[in-house]
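Subject: Structure handover

Hello,

Here is the structure for you to look through. My notes follow below it.

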Amino acid sequence: MRADNSQHIVEAARRRSEYTRSKAVQALRALDAAGEPVTFETVAKRARVSRSWLYAQPDLRTEIEHLRAAHRRAPASPVPARQRTSDASLLRRLEAANTRIRRLTEENQQLREQLAGTLGELRTLRHRAAVR
């Protein structure tokens, strides 16, 4: 009677599965970090796995679809999805810029008025000096 070696086969399959999964995750992260399009095709090629295997992995499938959609919204953006600015952050930056523009406009107006006053005083002094 032969010995039951099925545990070794099961263990080898588990290790192969973990290795394949780690390659796919690494490919996904590398594509995103490089700002390259993240699609099932690109991840499969980079990780050297089949697209059908990627579709069968629910968490990887969700992440690929999420990153693919994010890339479609910003096709010219070479910035990885995790580093992209949120809408709320953009609104705060816009509000801060508008506040700064308003303040600089007011300061510019004050400086123009100050310059006009100084030029008026200078003209008056020159006119008095010419009259004497």
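First, a definition: a nonpolar core is a set of buried Ala, Val, Leu, Ile, Met, Phe, Trp, Tyr and Cys residues joined through side-chain atoms within 4.5 Å. Buried means under 20% relative accessible area, exposed means over 50%, and partly exposed lies in between (1.4 Å probe, protein chains only).

This is a predicted model, where local features need pLDDT of at least 70, side-chain atom pairs count only at pLDDT 80 or more, and totals for chains, interfaces and linings use all residues. Residues are numbered from 1 along each chain as its sequence is written, and side-chain values use heavy atoms, with hydrogens and water left out.

**The core**

The largest nonpolar core has 14 residues. Leu28, Val38, Val43, Leu54 and Ile64 have the most contacts inside it. Helix 1, helix 2 and helix 4 (58-73) each supply at least two residues of this core. Helices here are DSSP runs (H or I, at least four residues), numbered from the N terminus.

Look at Val38. What does it touch, leaving aside neighbours within four places in sequence? Val38 is in contact (heavy atoms within 4.5 Å) with Leu28, Leu31, Asp32, Val43, Ile64, Leu67 and Arg68.

**Helix 1 and helix 2**

Helix 1 covers residues 6-34 and helix 2 covers residues 40-47. They pack at an angle of about 120 degrees, with axes 8 Å apart. Axes are lines fitted to C-alpha atoms, for helices over the stretch in contact, and angles run from 0 to 180 degrees between N-to-C directions. The two helices are therefore oblique to each other. Under 35 degrees counts as roughly parallel, over 145 as roughly antiparallel, 65 to 115 as roughly perpendicular, and the rest as oblique.

Helix 1 brings Lys23, Ala24, Ala27, Leu28, Ala30 and Leu31 to the contact. Helix 2 brings Thr42, Val43, Arg46 and Ala47.

- Thr20 lies in helix 1. Its relative accessibility is 18%, so Thr20 counts as buried. Not counting residues up to four places away in sequence, Thr20 touches Val49 and Trp53.
- Arg48 lies in the loop between helix 2 and helix 3 (51-55). Its relative accessibility is 73%, so Arg48 counts as exposed. Its phi is near 60 degrees, a positive value in a residue other than glycine.
- Tyr55 lies in helix 3. Its relative accessibility is 38%, so Tyr55 counts as partly exposed. Leaving aside neighbours within four places in sequence, Tyr55 is in contact with Phe40 and Arg61.

Best wishes
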